[in-house]
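Hi,

Here is the structure I said I'd pass on. Have a look at it first, and my notes follow below.

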Amino acid sequence: MEVTSHCNAACIYCPRTAYQDKWVSRHLPLETFKKILPALARTRLVFLQGWGEPFLHPDFFRLVSLAKQAGCQVGTTTNGMLLDAEKITKLVELGIDTVAFSLAGIDGKNDKVRQGTSLRTVLENIQALQQAKERWGKAKPAIHIAYMLLSSGLPALAKLPSVLASLGIAQVVISTLDFVPSGELLQEALWPANLREYEDLQSQLQAVVEEGKRRHLEIHYQLHYPDKKRPTCTENVPRAMVIAGDGRVAPCVFTNLPVSGVNYWVKGREFPYQRVSFGNINESPLQVIWRQPGYRRFRHSFERGDLAPSCRDCPKLG
């Protein structure tokens, strides 16, 4: 669920920053969220996240409470700057299942590329959340790290396990810059050009994974193999969906940007951005949208290998 497309940060690689002149900032209305509650009883996980900062939503904790009452797992991803003692207490009290913190470095590099955030503050808030869990004797929320690995961040990558160890972090997921919203950011995207570059980068990442194991820190990563398409989409479009703040249903976050008339880049090639939607929960029940013929054909296209135009050059399949 796109909780909000407002944000208190300006990360240089985020579409919201790159497309700021055409970006539509909005909060998900509470009444729109309530329309999906009947479906949540049969949903494994609802993630309260979009291209913005969830804790800016005035009803964020109400959304968490309603989703938990519906019977599914609930998670969110935050830049970590708006957490305070009161919010941390509420997260533990409500039993939210996962809170992921976004980072793009473990030194001053993070603050430079994630403008408006502070690595020191984020790490302090992670520690405060873990301490609150211990005081309450609670295992939830699991604390995750969503780590954006930029090309300029490679030199410091090896230090990641030592910085994050002992903070109670359950999992670190290292991603590379898949969606490149600006030609100026092409140099930050890690797209191995050949097998040698791939193996070198894989070796660095695997060393971080192994060091994480030694420090009891679970680390995962995704890496593009040169000149080879992935057999399936990493966004799990056959079993997942994204619901925008305006109620529109999209296959994934990359087809759900609140913007139009912009371009993006994949492996140096420029493409016009096209938003994809199969219906609106303000107009039709979610189950009806999920089963409608056009959406079903879209999902089955991955099985046939005959992808829709919006997916043929997607970085998530690159």
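Let's start with strand β7 (residues 169-176), which runs parallel to β8 and is joined to it by three bridges. Strands and helices here are DSSP runs numbered from the N terminus (E, at least two residues, for strands; H or I, at least four, for helices), and two strands pair if DSSP finds at least two bridges between them. Ile174 has Tyr221 in β8 as its bridge partner.

Before I go on, the ground rules. This is a predicted model, in which local features need pLDDT of at least 70 and side-chain atom pairs count only at pLDDT 80 or more, while totals for chains, interfaces and linings use all residues. Numbering goes from 1 along each chain as its sequence is written, and side-chain values use heavy atoms, with hydrogens and water left out.

Now the sheet that β7 and β8 belong to. It is open and has six strands, in the order β2-β3-β4-β6-β7-β8, with parallel pairing. β2 (45-48) and β8 (219-221) each have a single partner strand because they stand at the edges, so one side of each has no neighbour in the sheet. From one strand to the next the twist averages 20°; axes are lines fitted to C-alpha atoms (for helices, over the stretch in contact), and angles run from 0 to 180 degrees between N-to-C directions. Helix α9 (residues 195-214) lies across β6 (142-149), β7 and β8, at about 160° to β8.

Ser102, in β4 (residues 98-103), is buried at 16% relative accessible area; the classes are buried under 20%, exposed over 50% and partly exposed in between, with a 1.4 Å probe and protein chains only. Setting aside neighbours within four places in sequence, Ser102 is in contact (heavy atoms within 4.5 Å) with Thr77, Thr78, Arg114 and Ala146. Ala170, in β7, is partly exposed at 35%. With neighbours within four places again left aside, Ala170 is in contact with Ala142, Ile143, His144 and Glu218.

Most residues other than glycine have a negative phi, and most peptide bonds are trans. Lys140 and Pro141, however, are joined by a cis peptide bond with omega of about 5°, and Pro141 sits in the loop between α7 (119-136) and β6. Ser166 has a positive phi of about 70°; this residue is in the loop between α8 (160-164) and β7 and is exposed at 76%. His216, in the loop between α9 and β8, has a positive phi of about 60° and is exposed too, at 74%.

Elsewhere, β11 (residues 263-266) and β12 pair antiparallel over four bridges, with Pro272 in β12 as the bridge partner of Asn263. They form a hairpin with two residues between the strands, and Lys267 in the turn has a positive phi of about 50°.

Finally, what lines the second largest pocket? Among its 19 lining residues, Tyr264, Gln274, Pro309, Ser310 and Cys311 are the closest to its centre. Both β12 (269-272) and α12 (309-312) give two or more residues to the lining, and α12 gives the most, with three.

Cheers

Key
1 Å grid on protein atoms, 1.4 Å probe; cavity = no way out; pocket = protein on both sides within 12 Å on 5 of 7 lines; lining within 4 Å.
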